[in-house]
Amino acid sequence: FLRKFWRLCHDASNNFSLSDDAPTKEELKTLHKTIRKITEDLDRLSWNTCISAFMICTNELGEQKCNKRSVLEPLMVLLSPFAPHMSEELWEKAGHSTSVTAQSWPQWNEEHLKEDAFEYPVSFNGKTRFFVPLPLDMPKEEVEKAVLSHEQADKYLEGKAPKKVIVVPGRIVNVVV
């Protein structure tokens with residue numbers, strides 16, 4: 001994972017390259033999830049799970065093709081207790097004259113960790129048939145309408161009106177035919 005993290009900070013020709021672009025919502029979620037996990041695991045002295053969190057974070061950022069300074073610099077600070085030499089070298093290449101160990105520990109923001117959508121499993125007579133992504137703040141009635149108007153719902157309704165539609169917000173939708 002250290003090689004992968006190194007590659008996040010470098011371009012294809014191995015030149016150090018961090019972008020000053022604004023991070024996406026997914027990148028911020030990955031960053032703040034990792035900050036929270038590392039901070040909590042260090043308090044519990046769970047070093048192995050910290051390494052696992054770094055691996056997950058590095059893989060997610062790699063998939064997102066992230067090389068943004070505002071995401072990677074806090075991760076360099078988080079990484080410094082585990083890989084001090086590499087963190088220090090990346091920090092220096094990022095243009096900082098002070099040590100990475102002199103930086104304050106990053107804080108996570110709960111706002112970036114909140115889910116705003118959920119992929120509802122839709123069941124007909126207790127059997128899951130398909131999934132529908134919908135906003136979490138959508139009222140039950142709207143969720144019911146969206147599910148019943150979905151193109152796959154017609155196949156399972158077979159032209160019949162549903163006897164009952166059970167909506168558990170953020171969990172499941174069950175249609176009884």
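Which residues form a nonpolar patch on the surface? The points below answer this and then go through the sheet, the helices and the salt bridges.

1. The model is predicted. Its nonpolar surface patch is formed by Ile-166, Val-168 and Ile-172, and together these residues have about 190 Å² of accessible area. Ile-166 is placed in strand 3, which covers residues 164-168. Its relative accessibility is 34%, so Ile-166 counts as partly exposed.

2. The sheet is open and is built from 4 strands in the order 2-1-4-3, with mixed pairing. Strand 2 (127-135) and strand 3 are the edge strands; each has a single partner strand, so one side of each has no neighbour in the sheet. From one strand to the next the twist averages 20°.

3. Strand 1 (residues 117-124) pairs with strand 2 in the antiparallel sense, over 8 bridges. In this pairing Ala-117 stands opposite Pro-135 of strand 2. Helix 6 (residues 140-148) packs on the sheet, where it touches strand 1, strand 2, strand 3 and strand 4 (172-176). The direction of helix 6 makes about 120° with that of strand 3.

4. In which sense do strand 1 and strand 4 pair, parallel or antiparallel? The sense is parallel, over 3 bridges. Ser-123 stands opposite Asn-174 in strand 4.

5. Strand 3 and strand 4 pair over 5 bridges in the antiparallel sense. Val-167 has Val-173 of strand 4 as its bridge partner. Strand 3 and strand 4 form a hairpin with 3 residues between them, and Gly-170 in the turn has a positive phi of about 75°. In a regular strand, side chains alternate between the two faces of the sheet. Ile-166 and Val-168 belong to the surface patch, as does Ile-172.

6. How many of the residues of helix 4 are buried? Helix 4 (residues 69-79) is mostly covered, with 9 of its 11 residues buried. Among them are Val-71, Leu-72, Pro-74, Leu-75 and Met-76, and also the acidic residue Glu-73. The packing partners of these buried residues are helix 1 (2-8), helix 2 (25-43), helix 3 (47-63) and helix 5 (84-93).

7. Ser-19 is found in the loop between helix 1 and helix 2. With 14% relative accessibility, below the 20% limit for burial, Ser-19 counts as buried. Apart from neighbours within four places in sequence, Ser-19 is in contact with Asn-67, Lys-68 and Arg-69. The C-alpha atoms of Ser-19 and Ser-70 are separated by 8.6 Å, while the two residues are 51 residues apart along the chain.

8. The count of salt bridges comes to 8. One of them joins the side chains of Glu-27 and Lys-68, at 3.1 Å from N to O. Glu-27 lies in helix 2 and Lys-68 in the loop between helix 3 and helix 4, so this pair ties together parts that are 41 residues apart in sequence. Glu-27 counts as buried, at 1% relative accessibility. Lys-68 is buried as well, with a relative accessible area of 11%.

9. A salt bridge also links the side chains of Glu-60 and Lys-33, at 2.9 Å from N to O. Glu-60 lies in helix 3 and Lys-33 in helix 2, so the parts tied together here are 27 residues apart in sequence. Glu-60 counts as partly exposed, at 21% relative accessibility. Lys-33 counts as partly exposed, at 31%.

10. Glu-73 is buried, with a relative accessible area of 13%, whereas Arg-69 is partly exposed, with 24%. Which residues are linked with Arg-69 in a network of salt bridges? The network consists of Asp-20, Arg-69 and Glu-73. Arg-69 is also one of the residues in contact with Ser-19.

How values were computed. Residues numbered from 1 in each chain as written. Predicted model: local features only at pLDDT ≥ 70, side-chain atom pairs only at ≥ 80, totals over all residues. Heavy atoms only, no water. Patch = residues over 30% accessible without salt bridge, like charges linked within 9 Å, V, L, I, M, F, W, Y side chains within 5 Å. Areas by Shrake-Rupley, 256 points an atom, 1.4 Å probe, with all protein chains shown as cover. Salt bridge = Lys/Arg side-chain N within 4 Å of Asp/Glu carboxyl O. Helix = DSSP H or I, 4+ residues; strand = E, 2+ residues; numbered from the N terminus. Buried < 20%, exposed > 50% of the residue type's maximum accessible area, 1.4 Å probe, protein only. Pairing = 2+ DSSP bridges. Axes fitted to C-alpha atoms, helices over the stretch in contact; angles between N-to-C directions. Contact = heavy atoms within 4.5 Å.
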